[in-house]
Amino acid sequence: MELSFQDISAQYQVRRLTEEDLPELLALAKDNPTYYRYMGEEPTLEGLRGDLTKLPPRTTSEDKYFLGYFRDGRLCAALDLILHFPNPETAFVGWFILRKDLQGRGVGTALVSELMDLLRAQGFRSVRLGRVKGNPESEAFWVKNQFTPTGIETDGGGYTIVVMQREL
């Protein structure tokens with residue numbers, strides 16, 4: 001199933017990110033140092049290049065949508081979305097990042113809401129993600145957006161990942 005993401009947002013142009021977008025994606029990532037501080041690493045072009053194609057087990061490149069949200073030609077947010085993981089009725093948010101100057105203004109919540117509406121319309125029953133344990137900003141954002149811990153925690157190699165899920 002091909003996800004129709006072009007009309008995912010009423011306010012942003014959304015398209016797949018490519019290698020050509022990596023410098024702008026790196027700038028977006030560097031503008032969000034809190035996320036990386038909790039992971040104990042710095043964003044790099046090579047790391048982001050790997051993120052463009054990194055897949056969880058039992059998924060294929062057809063399931064992956066690494067999307068950019070643009071306004072006036074400028075990258076405002078990025079979303080790594082994996083369909084049908086960990087099961088056929090669940091979508092997985094691997095990464096969601098918003099430009100710093102847009103944070104705290106309801107923009108991220110609006111984008112998540114639009115995404116949930118699209119996934120529900122496409123027949124998905126839930127959305128899952130993993131957040132870094134100990135990051136209060138991330139936890140507050142996802143709880144505000146109706147995600148709850150599943151009780152599953154995994155080792156992220158230097159940090160703990162808390163798995164959260166939202167039913168659609």
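## Basis of the description

Helices (H or I, at least four residues) and strands (E, at least two) are DSSP runs, numbered from the N terminus. The model is predicted: local features need pLDDT of at least 70, side-chain atom pairs count only at pLDDT 80 or more, and totals for chains, interfaces and linings use all residues. Residues are numbered from 1 along each chain as its sequence is written, and side-chain values use heavy atoms, with hydrogens and water left out.

## Ends of helix α5

Just after α5, Gln146 has a positive phi of about 70°. At the start of this helix (residues 136–144), a side-chain oxygen of Asn135 comes within 3.2 Å of the backbone nitrogen of Glu137.

## Helices α1 and α3

Helix α1 (residues 22–30) and helix α3 (residues 45–53) have axes that come within 10 Å and cross at roughly 110°. The two are therefore roughly perpendicular to each other (angles of 65 to 115 degrees). Leu22, Pro23, Leu25, Leu26 and Ala29 of α1 meet Leu45, Leu48, Arg49 and Leu52 of α3; contact means heavy atoms within 4.5 Å. These residues divide into eight nonpolar, no polar and one charged (Ala, Val, Leu, Ile, Met, Phe, Trp, Tyr, Cys and Pro count as nonpolar, Asp, Glu, Lys and Arg as charged, and the others, Gly among them, as polar).

## Asp80 in strand β3

Asp80 lies in strand β3 (residues 74–82). Asp80 is buried, with a relative accessible area of 9%; buried means under 20% (1.4 Å probe, protein chains only). Not counting residues up to four places away in sequence, Asp80 touches residues including Asp51, Lys64, Tyr65 and Trp95.

Notes
Axes fitted to C-alpha atoms, helices over the stretch in contact; angles between N-to-C directions. Parallel < 35°, antiparallel > 145°, perpendicular 65-115°, else oblique. Buried < 20%, exposed > 50% of the residue type's maximum accessible area, 1.4 Å probe, protein only. Polar contact = N/O pair within 3.5 Å; in protein donor to acceptor, adjacent residues only side chain to side chain.
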